[in-house]
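Colleague: I have the chain open on my screen and would like to go through it with you. Could you start with how you count things, and then take me through the fold and a few single residues?

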Amino acid sequence: VLIDSQISMSSLTPTPKRVGITIPVSNTAIDEANYSLQDIVLGQIQQAVANMLNKWSFGKTLLANNANGGCMYAALNSPAVTTATVGAVTWGEVLNLESSVMASGVIIDATAAFVCSSSMLALLKATPKETNAAQFIAEGNAANCTIDGFPVFVTEDVPTGYLGFGVFQYNLLGQFGEARLIVDPYTMATKNQTRFTLNTRWANLVMRSAAFA
């Protein structure tokens, strides 16, 4: 007898949302800094979009009323594991995060990783796996840290005190249409400013919420 799988093709329908940023820049500053200031502004626009996508994926609250939650949204609002003592975390609780994903039938692959804030990572690096043990829950430097062999992605968009685990192949993040960058020296000419504006569309589609805890 065939039964429906947990991933239906109908769930693979993205709903792109508008993503935009606008930055007015003084023409005097552009002239005095020569062309390099425009490069800096463009770099800031790219970083702002990246920051927004991180906040969308790993935040506990919705970015806007009509926005869907990211891959960690449901997990952060309904944790698989809760710690009785504030600020404490045990090796068993960390392993329970992994097992809660595995128990749902999700296959752990190369996209599996832990995610947390820098303060949480510092706590995990200072917490032994067992009492008087020489090994700590998280080991390595901030750029190359692992927990139980899985990489750790550090972002301040995960609330302080939370540790997440996920198989990120089940989170689809994609851009739709053009990324339109308009450099407008006219609208704010009376204020001697040039406005840099980017508009595009992105979708964040969680294929399987059970893949994240």
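Modeller: Let me begin with a term: contact means heavy atoms within 4.5 Å. With that cut-off, residues 24 or more positions apart account for 72% of the contacts in the chain that have a separation of 6 or more.

Colleague: And what kind of model is this, and how are things numbered?

Modeller: This is a predicted model, in which local features need pLDDT of at least 70 and side-chain atom pairs count only at pLDDT 80 or more, while totals for chains, interfaces and linings use all residues. Residues are numbered from 1 along each chain as its sequence is written, and side-chain values use heavy atoms, with hydrogens and water left out.

Colleague: How many helices and strands does the chain have?

Modeller: There are five helices and eight strands, where helices (H or I, at least four residues) and strands (E, at least two) are DSSP runs numbered from the N terminus. Read from the N terminus on, the elements run β-α-α-α-α-β-α-β-β-β-β-β-β.

Colleague: Why do you call the chain more spread out than a compact globule?

Modeller: The radius of gyration is 21 Å, well over the 17 Å that the globule rule gives for 213 residues, so the chain is more spread out than a compact globule. That radius is taken over C-alpha atoms, and the rule is 2.2 Å times the number of residues to the power 0.38. Along its principal axes, the C-alpha trace spans about 65 × 55 × 30 Å.

Colleague: What share of the residues counts as buried?

Modeller: Of the 213 residues, 33% count as buried, a class that means under 20% relative accessible area, with exposed over 50% and partly exposed in between (1.4 Å probe, protein chains only). The accessible surface of the chain comes to about 12300 Å², and 55% of that belongs to carbon and sulfur atoms; such areas come from the Shrake-Rupley method with a 1.4 Å probe, and for residues only the protein chains shown count as cover.

Colleague: Let's go to single residues. Where does Thr 155 sit, and what does its side chain reach?

Modeller: Thr 155 is found in the loop between strand 5 (150-154) and strand 6 (163-167), and it is buried, with a relative accessible area of 6%. Its side chain reaches the backbone nitrogen of Asp 157 at 3.1 Å, which falls under polar contact, a pair of N or O atoms within 3.5 Å; within protein, one must be able to donate a hydrogen and the other to accept it, and residues adjacent in sequence count only if both atoms are side-chain atoms. Not counting residues up to four places away in sequence, Thr 155 touches Asn 54, Phe 58, Val 115, Cys 116 and Ser 117.

Colleague: Is Cys 145 buried or exposed, and which residues is it in contact with?

Modeller: At 4% relative accessibility, Cys 145 counts as buried, and its place is in the loop between strand 3 (138-139) and strand 4. Leaving aside neighbours within four places in sequence, its contacts include Leu 121, Lys 125, Phe 150 and Val 152. The C-alpha atoms of Cys 145 and Lys 125, 20 residues apart along the chain, are separated by 9.1 Å.

Colleague: What about Ala 113?

Modeller: Ala 113 has its place in strand 2 (residues 112-116) and counts as buried at 10% relative accessibility. Beyond four places in sequence, the residues that Ala 113 touches include Phe 150, Pro 151 and Phe 165.
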